[in-house]
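I set out to record what a set of computed features shows about one protein chain. The entries below follow the order in which I looked things up.

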Amino acid sequence: MKLRVRVVALLAGIAALWVGASVAPAVVSASAPATTTTIAGDGGAVDVPIASNVAPADGAAAATRGSSIQETPTEPPPPTEEPPTTVVTVPPDTGVPFASGLGRRVVYSKNQMRVWIVDSTNVTVRTYRVSGRMGQPDPGTYQVYSRSSFTCNIDHPNICMRFMVRFAHGPLGDNIGFHEIPRKDGVPIESDAQLGLPLSGGCVRQSTADAMFMWDFAGIGTTVVVTD
């Protein structure tokens, strides 16, 4: 009888242990919450505190000016190209009046009111419109005999001109030459647009650029051929 009671008590204890084990909560190893996170900056990876009062962002924040973050990759700069080179050449000129000589010379046509500057190889290096006088000088071949960088009219001293290249004389012995459009009291008496018209009293008027070119080309002794 006593043996049976002991067996029953032993079985009851085992059952109690089994029930207690099945309802006991599992032991979880607790760890402290993270207080820092690692980000990559311009100087490398660094640890920074996590703000506890900021809600997580819904998505990636837009880049701001001065930020090391960029929304899209930077495109490489466009390739550097050499600027196009424009080669300006003087086209061959066939307009030099017939029988106007050979070699280095200046040709002046009164009918066309045009000048050709020809080099020693008979190539026209410049041609342009001028304003002269139909009646003078006579057709013929002349040589430059005098030059003045600045001069004024003898009868009208308030009319002056630059780059005078004298090569002929008028009927009364007055000088005839190529020069810049004269200025009266500092004001040009003719516009560049009027060149090509016989508006001069005897000399040959040129634009400033053409007068300077003539000045550089036609030294003393340079041949000047005048045609009708």
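**Entry 1: basis and confidence.** I worked from a predicted model, in which local features need pLDDT of at least 70 and side-chain atom pairs count only at pLDDT 80 or more, while totals for chains, interfaces and linings use all residues. Residues are numbered from 1 along each chain as its sequence is written, and side-chain values use heavy atoms, with hydrogens and water left out. I first looked up pLDDT, the predictor's confidence in each residue on a scale from 0 to 100. Its mean over the protein is 75, and 59% of the residues reach 70 or more. Residues 16-31 stay under 50 and have zero contacts beyond four places in sequence; contact means heavy atoms within 4.5 Å. Over residues 35-94 the pLDDT is also below 50, but this stretch has 28 contacts beyond near neighbours in sequence.

**Entry 2: the open sheet.** I took helices (H or I, at least four residues) and strands (E, at least two) as DSSP runs, numbered from the N terminus. Two strands pair if DSSP finds at least two bridges between them. I found an open sheet of five strands with mixed pairing, in the order β5-β4-β3-β13-β6. Its edge strands, β5 (124-129) and β6 (140-143), each pair on one side only. Neighbouring strands are turned by 20 degrees against each other on average, direction ignored. Helix α2 packs on the sheet and touches β3, β4 and β5, its direction making about 140 degrees with that of β5. For these angles, axes are lines fitted to C-alpha atoms, for helices over the stretch in contact, and values run from 0 to 180 degrees between N-to-C directions.

**Entry 3: the core.** I define a nonpolar core as a set of buried Ala, Val, Leu, Ile, Met, Phe, Trp, Tyr and Cys residues joined through side-chain atoms within 4.5 Å. Buried means under 20% relative accessible area, exposed over 50%, and partly exposed in between (1.4 Å probe, protein chains only). The largest core has 20 residues, and Met214 and Phe178 are among those with the most contacts inside it. Strand β8 gives the largest share, three residues. Beyond four places in sequence, the contacts of Met214 include Val106, Val115, Tyr128 and Phe178.

**Entry 4: strand β8.** Which strands pair with β8? I found six antiparallel bridges to β7 (residues 146-152), four to β9 and two to β10 (residues 183-184). Six residues link β7 to β8 in a hairpin. The β8-β9 hairpin has five residues between its strands, and Gly173 in the turn has a positive phi of about 85 degrees. Nine of the eleven residues of β8 are buried.

**Entry 5: the disulfide.** I found one disulfide, a term for two cysteine sulfur atoms within 2.5 Å. Cys152 is joined to Cys160 at an S to S distance of 2.0 Å. The torsion about the S-S bond is about 95 degrees, so this disulfide is right-handed. Cys152 is partly exposed at 31%, whereas Cys160 is buried at 15%.

**Entry 6: Ser131.** Is Ser131 buried or exposed? I find it buried, because its relative accessibility is 0%. Ser131 lies in the loop between β5 and β6. Its C-alpha atom is 5.4 Å from that of Gly196, 65 residues away along the chain. Ser131 also touches Cys203, which is buried at 13%.
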